[in-house]
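Student: I am new to this structure and would like a close look at one part of it, with the surroundings brought in step by step. Could you take me through it slowly?

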Amino acid sequence: MSVAKLRVFRGDSQNGEEKEYEVPVDEGMVVLDALFYIQANYDGDLAVRWNCKAAKCGSCSTEINGKPRLACKTRMDSFAEGELITVYPIKAFPVIKDLVTDVSWNYEVSKKIPPFTPAENTDWIMYQEDVERGQEFRKCIECFMCQNVCHILRDHNRKDAFAGPRFMIKIAEREMHPLDTLDRREFAREEAGVGFCNITKCCTEVCPEDIHITDNGIIPLKERVVDKYYDPFSWLLRKIKGK
Amino acid sequence: MEKYETHTYDVIVIGAGGAGLRAAIESSARGASTGLICKSLLGKAHTVMAEGGVAAALANVDNKDSWETHFKDTMKGGKMLNNWQMALFHAKEAPERVRELEYWGALFDRTKDGTINQRAFGGHTWKRLAHVGDRTGLEMIRTLQEKGIHSGIDVHMECTITHLIKDGDSVTGAFGYWRESGKFVLFRANSIVLATGGVGKAYKYTSNSWEYTGDGHSMAYEAGAELVDMEFIQFHPTGMVWPPSVRGILVTEAVRGEGGILRNSNGERFMEKYDPERMELSTRDVVARSIYTEVEEGRGSPHGGAFLDVSHRGADYVKRKLPSMYHQFMEFADIDITKGPMEVFPTTHYVMGGVKVDAETCSSTVPGLFAAGEVAGGMHGANRLGGNSLSDLLVFGRRAGEGAADYANGKSHASVPTELLEKFTNELLEPFNNTTGENPYTIHQDLQDVMQRYIGVFRTEENISKGIEKIEALKHRAKTLKIEGSVMFNPGWHLCRDLKSMLIVSEALARCALARKESRGAHSRVDYPESDDEVLGKLNSVVALKNGEMDVGTRPIMQMPEEFLKLFMEDK
């Protein structure tokens, strides 16, 4: 059994430093196992969020060697023998303690999105090919790693103006629901700031569920918004109706 | 200013998985001010891990299906120990509860006709499980979460409830701490719904998440409520075996539902021997025992499991119907399940036992205290059928929300004595103040080893008695715990309270297992291999706190009226 060296961020919003730990590595072990080892053997108060340890709940998002990863899904044997492993909290959200960040902003944004609104007297017949677009977005485990890597949120901290990739696909999913009746294009443009996204696809790359966030979600959403706001016919109609 | 942060509601719901969310939605819809409290972030509860589907006799795929058949399947699966009334309500109401999810935005997999598709599962006569690939739980929790946040419910995330408060006989509130800050908080409420899930973290190998520490079971017990059927814990036949880091992670029954075949190291399809009729889709208790026996008798896979193979269905089909399984094995075990078999072994999955409730309202034996979902007992009897848990959450979540809101209606809030809160606070902070004491992580690991070894798939009087002895020793050690750090997001400190709950439920499990001298459903006694239908088959085990001690007794099972008994006679 080999021994790995981890440097883990310990601290809060005010102060913090890296602390080094040595952890024995067992076959198939993941970084979250190493963090458990640290809790049980060195520092019982090391704070890390986790729930399922099976890559299904999206709680243990951290930055491992600078890359956003689910700690439960990052195998220790993916690092070279003797390679130093650093574990940091995700950067786009304020640190509470150690690896735990304040992600409450995401829940506020989520609440603002107009919910699914079917017509009355719907017969609820939907075909597989029609639900599949929405099903792709509904695979989202809300790990918020896409929010974390989005440069509008991470580097420019425009949480006031842009809802982030996670919520772009939530809007897209509602919009593409075969039986939904609402029009969320104005919301997508004005409230969620879909125009801020300049399609660098960092969100798609980091998604542990392999959701094509940009290609299947954000771009079609942008197109719908463009159709509404820049289509000459709709423009004329808006002028006439005075909206 | 009050010394403790205080929130006041008509109804509080503890736990925000499927049952808790559904209860809160109903309670709020009935006009009760409702607070929903959860240990994790919203949407991370254990429901998210449910894979295979939600059982409901929609009859979309097999048009012969009916509530009568679902009811019978559930009772037979539970070896007739179930609270028949719960099984009846469940079978009758599940279809509407599933359709309701669709009204709220869920996107289930479809049939060719555009209705909700249904798959086969163990113990279900017809194809009955509405599903979304192998991530049905995620779909359910997102749908309920979405409905919940637009229903006027206050959600309190990352808050652990540690104590229920009573005034006389009735519950009047709950006390706990914010996980982030460590500050204490009081919730005053006229009724409380427990929806805290199960107890699997008492075991070493489990499919359950860290939240499954039996908080609701233990708080109800301490508040004087009766627990029922605690000897029945379900070992899911197929958990991952290798590598060690992922041992116990669930391999959905949908693998077998989609045609997966179990083989031993000789290549024999061994279910032919144990249940030639239902084979791989026998009930979970039978399949778990079969795999266990094959391994015990030396016909196991290289890492001590059985082979489960679904590769004959073709790569495209497997990836479409079982995408999570495909990724899970690829990423954690370097195994491509479209090309070869998985290795599987039973893993602790679900506790059938729980708070004894009234089927109609989900009220416990303590006035004002309700329970729904896994923390409630009775619905599943001695063994739960796959898919019946997600439907249970919906049916009884709704009923509990209704029951709690109606109970709270018009009641005024009782005051809570400050001395009591100070007592709770001192008790919770003790591990910081102790100069010497045990590491809670060590005791937790020791408890997991004990439960795994002594209260497992097969049980004997000798083993269970040893287990109880060891649990008693752990209880003693756990009296003096010592931890480091501050109250701010301190997992070591959190574990101290969770450990107390796990020790209570472990003791209840062990003592009930010792008392039931027969084999029935998930409870297999090597020293009593037969079922005793005449005597023990007519009794439920009951656990309650009496004079500071755990009292284990029995109650006669609820008598099923003639009109429903007839359903079972027709088969003979």
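Which residues is B:Ile192 in contact with, leaving aside its neighbours within four places in sequence?

Tutor: This is a predicted model, in which local features need pLDDT of at least 70 and side-chain atom pairs count only at pLDDT 80 or more, while totals for chains, interfaces and linings use all residues. Residues are numbered from 1 along each chain as its sequence is written, and chains are lettered from A and ligands numbered from 1 in the order in which they are written.

Leaving aside its neighbours within four places in sequence, B:Ile192 is in contact with B:Ile12, B:Ile14, B:Leu164, B:Val171, B:Ala174, B:Gly368, B:Leu369 and B:Phe370; two residues are in contact if their C-beta atoms, placed from the backbone, lie within 7 Å. B:Ile192 is also among the residues with the most contacts inside the largest nonpolar core, alongside A:Met168, B:Val193, B:Leu194, B:Ala371 and B:Ala372. That core has 251 residues, where a nonpolar core is a set of buried Ala, Val, Leu, Ile, Met, Phe, Trp, Tyr and Cys residues joined through C-beta atoms within 7 Å. A residue is buried if 20 or more other C-beta atoms lie within 10 Å of its own, exposed if 12 or fewer, and partly exposed in between, with C-beta atoms placed from the backbone. In soluble globular proteins, nonpolar side chains tend to be buried together.

The largest share of the core, 13 residues, comes from helix α15 (residues 491-515) of chain B; helices (H or I, at least four residues) and strands (E, at least two) are DSSP runs, numbered from the N terminus. Helix α15(B) also packs with helix α5 (residues 215-222) of chain B, at an angle of about 75 degrees and with the axes 8 Å apart. Such axes are lines fitted to C-alpha atoms, for helices over the stretch in contact, and the angles run from 0 to 180 degrees between N-to-C directions. That angle makes α5(B) roughly perpendicular to α15(B), since angles under 35 degrees count as roughly parallel, over 145 as roughly antiparallel, 65 to 115 as roughly perpendicular and the rest as oblique. In this packing B:Asp215, B:His217, B:Ser218 and B:Tyr221 of α5(B) meet B:Lys500, B:Ser501, B:Ile504 and B:Val505 of α15(B). By class, the contact has 3 nonpolar, 3 polar and 2 charged residues, where Ala, Val, Leu, Ile, Met, Phe, Trp, Tyr, Cys and Pro count as nonpolar, Asp, Glu, Lys and Arg as charged, and the others, Gly among them, as polar.

Another helix pair in chain B has another arrangement: the axes of α13 (residues 440-454) and α14 (residues 461-477) come within 9 Å and cross at roughly 170 degrees, and α13(B) and α14(B) are therefore roughly antiparallel to each other. The residues of their contact divide into 7 nonpolar, 2 polar and 4 charged.

Returning to the core, B:Ala371 is one of its residues with the most contacts, and strand β16 of chain B spans 369-371, with B:Glu374 in the loop between β16(B) and β17 (376-377). With 34 C-beta neighbours inside 10 Å, B:Glu374 counts as buried. Leaving aside its neighbours within four places in sequence, B:Glu374 is in contact with B:Gly197, B:Gly198, B:Tyr350, B:Val351, B:Gly354 and B:Ser389. B:Glu374 and B:Ala19 are 355 residues apart in sequence, and their C-alpha atoms are 8.4 Å apart in space.

Strand β14 (residues 342-351) of chain B pairs with β13(B) in the antiparallel sense over 3 bridges, two strands being paired if DSSP finds at least two bridges between them. In that pairing B:Phe307 stands opposite B:Glu343. On β13 (residues 306-309), 3 bridges also join strand β12 (residues 261-263) of chain B, again running antiparallel, and B:Phe307 is the bridge partner of B:Arg263 there.

Chain A comes to 10 helices and 7 strands, and 47% of its 243 residues count as buried. The buried residues of α3(A) pack against α6 (165-176) and α9 (213-230) of chain A; in α3 (residues 128-137) those buried residues include A:Val131 and A:Phe137. Between the chains, 42 residues of chain A are in contact with 47 residues of chain B. The largest share of the side of chain A that touches chain B, 4 residues, comes from α3(A), and by class that side has 21 nonpolar, 10 polar and 11 charged residues.
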